[in-house]
Amino acid sequence: MAGAAHAEIRIGASVSATGPAAFLGDPEFKTLEMLVAELNEKGGINGEQIKLIMYDDGGDANKARTFATRLIEDDEVVAIIGGTTTGTSMSILSVAEDAEIPFIALAGAIEIIQPVRPYTFKTPHTDRMACQKIYEDMVKRGFTKIGMISGTDGFGASMEAQCKNVAPDYKIDIVIDETYDPKDADMTAQLTKIRNAPGVQAVLNPGFGQGPSIVTRNYHQLGIELPMYQSHGVASSGFIKLAGEQAAEGLRLPGTALLIADQLDASDPQQPLVTAYKAKFEERYKMPVDTFGGYAHDALLIVTDAITRAGSAEPKEIRDAIEKTSGLAGATGIYTFSPEDHLGLDLTAFRMLQIKDGGWTVAE
């Protein structure tokens, strides 16, 4: 349809390149821009050039909905990538599902792909999986009683609920559970309560944005020596910078192969791809690659791989081909989708990482 009419394949995107989620959306924007230019230089897909139509929703769910409508009705795109945050993803998916246009979300919450919707997929691991990966590591280290401090934003609240939900599976007892508003500038009061709660062996902070960096700084200022875990929502060098190297030292979180690209074994199936993407991104933009750009990388990879295999840029055929994706190595993990699974990743896609000397290492 759009392919024939325009002699090009039109792919749409709505990301939060500015606003409160810009630290996520900016690398996504840059990644999509870079990869589409590179694909077109190599001849496009099946001999057709890709036209990327990208909007900046600033993290505003209403704007994201408006842009999704514009992408479908005016720009005639065959697929949409975006939804930097859970809120913007939920807005876009409602429009994409009505129009039967494949949508690949870049946000973490499990609600995006559960229940499974016919046209919605996503690239980041779910918050539920992050809780499971963290609990696996805690159990290995002998921690069973924990304190939790969560952001009240969409991501923080969703992950807090998922961590509570799966805690019994790992025999984890959440002794104390505190929250903070993403706009709060100090979490000392909540952290003092956690420090004083009897029996706490480790602390978990589900959250993203600036909140977790403030939590990390306050934690260090209070001299709390309990092991601390953060979510995959802060898996970037920007987080270490905001929190401060000293405060972030030793902290653990579930992250992706991309953050430890230079430490991967040559036999790792993700190694060639993440090494190449990291080198190209860092050379072009003079900034470190991060997890969030990786989510956009994989979303475009999934769409272009599906179009190539389908030999068609018809939305329904793209959707059907995405569902048949098997063993596709991306920056975030190796994707195998099915009609029942629109995430396509399992826990092996997560690496347990630790911050050491201002950088990322594999946690021992």
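Modeller: Let us begin with a term: a residue is buried under 20% relative accessible area, exposed over 50%, and partly exposed in between, with a 1.4 Å probe and protein chains only. This is a predicted model, in which local features need pLDDT of at least 70 and side-chain atom pairs count only at pLDDT 80 or more, while totals for chains, interfaces and linings use all residues. Residues are numbered from 1 along each chain as its sequence is written, and side-chain values use heavy atoms, with hydrogens and water left out.

Biologist: Is N46 buried, partly exposed or exposed?

Modeller: N46 lies in the loop between α2 (22-41) and β2 (49-56), where helices (H or I, at least four residues) and strands (E, at least two) are DSSP runs numbered from the N terminus. Because its relative accessible area is 45%, N46 counts as partly exposed.

Biologist: What is the phi of E100?

Modeller: Most residues other than glycine have a negative phi. E100 is in the loop between α4 (86-99) and β4, and at 48% relative accessibility it is partly exposed. Although it is not a glycine, E100 has a positive phi of about 60°.

Biologist: Is the peptide bond from Q114 to P115 cis or trans?

Modeller: Most peptide bonds are trans. P115 sits in the loop between β4 (103-105) and β5 (120-122). The omega of the bond from Q114 to P115 is near 0°, and this bond is cis.

Biologist: What is the radius of gyration of the protein chain?

Modeller: The chain has 13 helices and 14 strands. The radius of gyration is taken over C-alpha atoms, and the globule rule is 2.2 Å times the number of residues to the power 0.38. For 364 residues the rule gives 21 Å, and the chain comes close to this, so it is as compact as a globular protein of that length, with a radius of gyration of 20 Å.

Biologist: What share of the contacts with a separation of 6 or more comes from residues 24 or more positions apart?

Modeller: Buried residues make up 59% of the 364 residues in the chain. Contact means heavy atoms within 4.5 Å. Among the contacts with a separation of 6 or more, the share of residues 24 or more positions apart is 69%.

Biologist: Which residues does Q162 contact, leaving aside its neighbours within four places in sequence?

Modeller: Q162 belongs to helix α6 (residues 154-166). Because its relative accessibility is 11%, Q162 counts as buried. Leaving aside neighbours within four places in sequence, its contacts are I110, D127, R128 and C131.

Biologist: How far apart in space are P198 and A363, C-alpha to C-alpha?

Modeller: P198 lies in the loop between α7 (188-196) and β8 (202-205), and its relative accessible area of 67% is why it counts as exposed. P198 and A363 are 165 residues apart in sequence, and in space their C-alpha atoms are separated by 27 Å.
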